[in-house]
Amino acid sequence: MVVTIHTDGACRGNPGPGGWGASLEYGDNQRLLYGGELNTTNNRMELTAVIKALQALKFNCQIELYTDSKYVLQGITDWMANWKKRNWRTADKKPVKNVDLWQELDELVSEHDINWHWVKGHSGHPGNELADQLANKGIDEL
C-alpha cells in the first residue's frame, strides 16, 4: 500500500497563531487534516503536520511524503541521527529546538517506509497548495 502525503505549516507572526495541514491519498481515497495553535512557530507547525499525518495511518505503510520545509526534510534525513548520538544536542552542544516534536516524529517514522521529497512552496504544486490551504484554514478556525 502506497500512501502519498503532502504536508505544510503556516504561521502569522513567528511566533504567533499557526496552522498545519495534511493531505493523505491512497488510490481514489483522500483524507484532509488540519488544525492550529494560538502561539507557535512555523517550524513547529511544519513538524506537527507530518506527525498528525503519520498518526492518522492505521497500519504500516509505504509513504511518499512531500514537504516544502527544508527544516523538516534535513532534520529527518541528515541531522537526527547525530542529534540522537549526542543525546538530542546539536553539534555545538545546544539542546535541539522542538525536541518534543522531533522525538515524536522519530517514533512514528520507525513504523513506516517513507520516501521524503522536498517541493518548492507556493510554486503551483497541487498537493503543496492544498496542504497550504489546509494549514491556513487551521489558523482561520482558531
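Visitor: Where does Asn98 lie?
Guide: This is a predicted model, where local features need pLDDT of at least 70, side-chain atom pairs count only at pLDDT 80 or more, and totals for chains, interfaces and linings use all residues. Residues are numbered from 1 along each chain as its sequence is written, and side-chain values use heavy atoms, leaving out hydrogens and water. Helices (H or I, at least four residues) and strands (E, at least two) are DSSP runs, numbered from the N terminus. With those names in hand, Asn98 sits in the loop between H2 and H3.

Visitor: Is Asn98 buried or exposed?
Guide: Its backbone is worth a glance: most residues other than glycine have a negative phi. Asn98 is not a glycine, yet its phi is positive, about 60°. As for accessibility, buried means under 20% relative accessible area and exposed over 50%, with partly exposed in between (1.4 Å probe, protein chains only). Asn98 has 16% relative accessibility, so it counts as buried.

Visitor: His122 also has a positive phi; what value is it near?
Guide: You will find His122 in the loop between E5 and H4. His122 is exposed, with a relative accessible area of 62%. Though His122 is a residue other than glycine, its phi is positive and near 55°.

Visitor: Which residues does Asp132 touch, not counting those up to four places away in sequence?
Guide: Asp132 belongs to helix H4 (residues 126-140), and it is buried at a relative accessible area of 13%. Its C-alpha atom is separated by 16 Å from that of Ile51, 81 residues apart along the chain. Taking contact as heavy atoms within 4.5 Å, the residues that Asp132 touches are Asp8 and His122.

Visitor: Stepping back, what pattern does the protein follow along the sequence?
Guide: There are four helices and five strands in the protein. Read along the sequence, they give β-β-β-α-β-α-α-β-α.

Visitor: In what order do the five strands lie in the sheet?
Guide: Two strands count as paired if DSSP finds at least two bridges between them. The sheet is open and its pairing is mixed, with the order E3-E2-E1-E4-E5. Strand E3 (29-40) and E5 are the edge strands, each pairing on one side only, and the twist from one strand to the next averages 20°.

Visitor: How many bridges join E1 to E4?
Guide: Strands of a sheet pair through backbone hydrogen bonds, either parallel or antiparallel. E1 (residues 2-11) and E2 (residues 16-26) run antiparallel with eight bridges, and Thr7 stands opposite Ala22 in E2. On the E4 side, His6 has Tyr66 as its bridge partner. E1 and E4 run parallel, and the number of bridges joining them is six.

Visitor: Which residue does a cis peptide bond join to Asn14?
Guide: The hairpin of E1 and E2 has four residues between the strands, and Gly13 there takes a positive phi near 95°. The residue you want lies in the loop between E1 and E2. Omega of the cis bond is about 15°, and the partner of Asn14 is Pro15.

Visitor: Why do the buried residues of H3 line one face of the helix?
Guide: In H3 (residues 99-109) the buried residues are Leu101, Trp102, Leu105, Asp106, Leu108 and Val109. The arc is that of the directions from the helix axis to the C-beta atoms. Seen down the axis of H3, these residues line one face because they fall within an arc of 165°.

Visitor: What is the radius of gyration of the protein?
Guide: The radius is taken over C-alpha atoms, and the globule rule is 2.2 Å times the number of residues to the power 0.38. The C-alpha trace spans about 45 × 35 × 25 Å along its principal axes. For 142 residues a compact globule would have a radius near 14 Å, which agrees with the protein's 15 Å.

How values were computed: Axes fitted to C-alpha atoms, helices over the stretch in contact; angles between N-to-C directions.
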